[in-house]
Amino acid sequence: MNTFLFGIFQIFKKPWIFLITVAMMSVGLIVSFYSFIVYDSYHFPTRQAKKVLNYDLDDIYKINFGMHMLGLHSDDFDKLDKLYGQIEDIQGIDYWGSYFVGGNGRADILYVYPSLTGLCDIRTNDNLALAFDYNNMQSGYGIAYVGADLSKVYPVGSKYLDEETGCEYIISGVLKDGSKWLPDDLYGSSAMNMNQALLLDLNYAIAQPENKVFLANASNYLFIGAESDSVKDSLNALLNKLELDVDGIVRLGSLYSSYEKDAMDQAGENYLLPLILLLSALIVSVITARMSVMASKKDYGIMLSNGFHKANIIGIILTENIIKCCCAFLICVLYWAMQRLNMDEFTKTLYKDMFGFRFALFFVILFLMCEFPVRYILKSKPTDLLSRREL
Amino acid sequence: MIVLKDADKLYKGDGFETKAMDHVNLEINNGEFVAVMGKSGSGKSTLLNVIGCMDRLTGGTYILDDTDVSDLGILKLDKLRKQKISFIFQNYELMDHYTIYENIELPLMANGIGSGQRKTKVQEVMERLSIAELKRKYPKQISGGEQQRTAIARALVSGNDYILADEPTGALDEENSGELMKIFKDIHKDGKTIIMVTHDKDIASYADRIIEIKDGKVS
């Protein structure tokens, strides 16, 4: 007999048990996955950065300025200017500069040094590197680029007044669709989606003395290629010469590792809630599967006494449970597909990364749901399952 | 033919043992209508379960149509039961969420019979037992007598030679019981071997032979 078809037949005969099981499993899985993603998204920036950065994490250095710099002394900003001006002379540094992120209510704004734009793979929609050539530019305007989704709002050739810096820019080109920039902070913010952003020349802005203050909160990077140790020595020498208050120059890889280590140290408490929720989902699945078997106990006894083998019964139970698991996971997948529209890039990445975990979880849940029923049927006699009593 | 030789059935629990069958020697020929009588707890249902391959002996031999059932594996036992034995229970044991038609066709589905053939066979037995109009109803929507006739139809539809009935009239009134026994006599005329457990002497009198069982022993 076709146990698969009979299993489906059984589901239609007792739809409420099926629906309740699927509903409870789905809710448990959605909530537990959501919790994992929410908690995880703050803890593993390395994964995010690797997808966005143009270069290896160990080839990128971040300059950590000291507290003095944050005190907004104009001397320090002049020194930083000089630093960036003299860095060109150090062999092996390909890109350098500062950036910070703002917004105007309609678009995100990336204020970035032209000399740093190579940090991430930001190109024009013609797949060319960004150009900041001021030779043929109208004076009094800086160069800006617009993201692919905003090109009609800020058309090429139009002027843009940035209220933050008071500078005026000309939109000189459109960024390639799908361009991304490094998250603004290293604590798991999502990569910046440049489709919805403007890219403004920060160097142009801080030419105005009153704008140098923006450097206080900017992130400062250097991309160093081969022979990084000798470059670091040259850089340290320059920093000392300029008497810049610098805490250190750190490899981005080491910095991210230290953040992840802190996150991992706290992992116990941060993952406790998702684990509890996941465990609850597993327990609910197992309990409802057992309840389903006990509710159908008499039916199985009748089937056994009317020509069905135990193998048929087990096949029917497996079919029911596989279908329940598939439905619950499908609901989960559909829910997350709808949520993806509102998900930030990092969460999307995490959700995709969890595919293997979800795949394994499906089989774990299926095994737990089937283990008791199969054992129960194997050890039961037909008379145990029927509602008969010795007379 | 059914042969039991020195058949024992021992139930063991936490600190206790119950001998439900004690050196039972029994022969039932093909085509016989046998009633098994005894008090509550005497071992009647155990005897029926063993004969019906729903339970195993703990000692002795059971031979069913020249096959020694005692040492058969689970799969072979299930197969033998499917091919030879049908059951009728006191509480009808119908599946509540299945229609009367679906309940009756159950053994045919177990045998992998196609839907066309199933329809013919089920229709045949339903008409024989005058329950054809109940096809789309559910067990809870029909009377006890009709439910028991459904159970009998299910037992007949697979065409098995042995019909084991455990107190088939236990839940029925006198009128329905009488009707039921007429049906059993009718089935018996087809050459089926019927083994019926009952504690009612009037019902037992319909059988060709009465076997008394007491404390697991057959007299």
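Let's start at one residue, Leu182(A): leaving out residues up to four places away in sequence, it touches Ala49(A), Val52(A), Leu53(A), Tyr99(A), Leu119(A), Cys120(A), Met192(A), Tyr221(A) and Tyr256(A). The model you are looking at is a predicted one. You will find Leu182(A) in the loop between strand S7 (180-181) and strand S8 (192-193) of chain A.

Now step back and take in the whole of chain A. Its secondary structure comes to 14 helices and 11 strands. Of its 391 residues, 51% are buried. If you take the contacts in chain A with a separation of 6 or more, 78% of them join residues 24 or more positions apart.

How many of its five residues are buried? Five of the five are, so S9(A) is largely enclosed by the rest of the structure. Both of its faces are covered: Ala197(A), Leu199(A) and Asp201(A) are buried on one side, and Leu198(A) and Leu200(A) are buried on the other. S9(A) also has partner strands. Strand S3 (residues 108-112) of chain A runs parallel to S9(A) and is joined to it by five bridges, with Tyr111(A) standing opposite Leu200(A). Strand S4 (residues 142-146) of chain A runs antiparallel to S9(A), and three bridges join the two. Here Tyr145(A) has Leu199(A) as its bridge partner.

Next come the helices of chain A. Two packed helices are described by the angle between their axes and the distance between the axes. Helix H9 (residues 272-295) and helix H13 (residues 355-379) of chain A pack at an angle of about 30°, and their axes are 9 Å apart. The crossing of H9(A) with H13(A) is right-handed. Among the residues that meet there are Leu278(A), Leu282(A) and Val286(A) from H9(A), and Phe357(A), Leu361(A) and Ile365(A) from H13(A). By class, this contact of H9(A) with H13(A) has 14 nonpolar, one polar and three charged residues.

Another helix of chain A, H11 (residues 310-339), holds Thr319(A). Thr319(A) is buried, with a relative accessible area of 8%. Apart from neighbours within four places in sequence, Thr319(A) is in contact with Thr3(A), Phe4(A), Gly7(A) and Ile8(A).

Let's move to chain B and its sheets. One is an open sheet of four strands in the order S2-S1-S4-S5, with antiparallel pairing. Strand S2 (16-28) and strand S5 (67-68) of chain B stand at the edges with a single partner strand each, so one side of each is left without a neighbour in the sheet. Strand S1 (residues 2-13) of chain B pairs with S2(B) in the antiparallel sense over nine bridges, and Lys9(B) stands opposite Met21(B) in S2(B). Helix H1 (residues 44-51) of chain B lies across S1, S2 and strand S4 (59-64) of chain B, running at about 60° to S2(B).

Chain B also has an open sheet of six strands, ordered S6-S7-S8-S3-S9-S10, with mixed pairing. Its edge strands are S6 (85-88) and S10 (217-218) of chain B, each pairing on one side only. Within the sheet, strand S3 (residues 33-37) and strand S9 (residues 209-214) of chain B run parallel and are joined by four bridges; Val36(B) has Ile211(B) in S9(B) as its bridge partner. Helix H2 (residues 74-84) of chain B lies across S6 and strand S7 (162-166) of chain B, at about 75° to S6(B). Helix H7 (residues 174-189) of chain B packs on the sheet too, touching S3, S6, S7 and strand S8 (193-198) of chain B.

Our last stop is a helix pair in chain B. The axes of helix H5 (residues 115-128) and helix H6 (residues 144-157) of chain B come within 9 Å and cross at roughly 135°, which means that H5(B) is oblique to H6(B). Their crossing is right-handed. Lys121(B), Val122(B), Val125(B) and Arg128(B) in H5(B) meet Ala153(B), Leu156(B) and Val157(B) in H6(B). These contact residues divide into five nonpolar, no polar and two charged.

How values were computed. Residues numbered from 1 in each chain as written. Chains lettered and ligands numbered in written order. Predicted model: local features only at pLDDT ≥ 70, side-chain atom pairs only at ≥ 80, totals over all residues. Heavy atoms only, no water. Buried < 20%, exposed > 50% of the residue type's maximum accessible area, 1.4 Å probe, protein only. Contact = heavy atoms within 4.5 Å. Axes fitted to C-alpha atoms, helices over the stretch in contact; angles between N-to-C directions. Parallel < 35°, antiparallel > 145°, perpendicular 65-115°, else oblique. Left-handed = near helix turned anticlockwise from the far one by under 90°. Nonpolar A, V, L, I, M, F, W, Y, C, P; charged D, E, K, R; others polar. Pairing = 2+ DSSP bridges.
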